[in-house]
Amino acid sequence: MRLVILLIVAAFAVLRAGAADAASLGRQLAELESHINWSAVDSAWKTIRPHWVAATAACDEPECVAKQLLDLEAHVKWKAVEAAWTKKRTGWVNDCKTATTQVEVANLLLAFEENVRWQAVDDRWKARRDEWIAQVKGD
């Protein structure tokens, strides 16, 4: 009986850790978005953003973070991403729609950020980026 209780407690701890990690990824996504210049997003983003920020902050599952990532990417202008993104985007979108794990979503977040041009982000992001990448990777 004691072993069963220990296993249940351990399983609960793993589930809670996963939710915390998803929440952390949501915060990392929101942080990236906060450094993207207004000129790099479409005009609809100004209206959508307050709800998006609240929804992203409330994400506690990888699927939620992936959905919010898709929403952000859909409002980023083509001039704000690398030209190669046009070839990568379809597969990336499909991967976001089917992502179910922290690792998958973290990799998708990193792939998107990697394709955002320097001109599309503020100078604070340029100074913060390396530490942010390490955090997303869990280093």
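User: How many helices and strands does the protein have?
Analyst: Read along the sequence, the predicted protein follows the pattern α-α-α-α-α-α. The count is accordingly given as six helices and zero strands.

User: Is A106 buried or exposed?
Analyst: A106 has its place in helix α5, which spans residues 102-115. Its relative accessible area is 8%. Because buried means under 20% relative accessible area, A106 is classed as buried.

User: Which residues is A106 in contact with, leaving aside its neighbours within four places in sequence?
Analyst: A contact requires heavy atoms within 4.5 Å. With neighbours within four places in sequence left aside, the residues that meet A106 are L25 and V136.

User: What is the separation of the C-alpha atoms of A106 and Q28?
Analyst: Along the chain, A106 and Q28 are 78 residues apart.

User: Are α3 and α5 roughly parallel or roughly antiparallel to each other?
Analyst: Helix α3 covers residues 62-75, and its axis lies 9 Å from that of α5. The two helices pack at an angle of about 15°. Because angles under 35 degrees count as roughly parallel, α3 and α5 are roughly parallel.

User: Which classes of residue form the contact of α3 with α5, and how many of each?
Analyst: The crossing of α3 and α5 is left-handed. From α3, the contact draws on P62, V65, A66, L69, L72 and E73, and from α5 on Q102, V105, L108, L109 and F112. By class, these residues are nine nonpolar, one polar and one charged.

Note on methods. Residues numbered from 1 in each chain as written. Predicted model: local features only at pLDDT ≥ 70, side-chain atom pairs only at ≥ 80, totals over all residues. Heavy atoms only, no water. Helix = DSSP H or I, 4+ residues; strand = E, 2+ residues; numbered from the N terminus. Buried < 20%, exposed > 50% of the residue type's maximum accessible area, 1.4 Å probe, protein only. Axes fitted to C-alpha atoms, helices over the stretch in contact; angles between N-to-C directions. Parallel < 35°, antiparallel > 145°, perpendicular 65-115°, else oblique. Left-handed = near helix turned anticlockwise from the far one by under 90°. Nonpolar A, V, L, I, M, F, W, Y, C, P; charged D, E, K, R; others polar.
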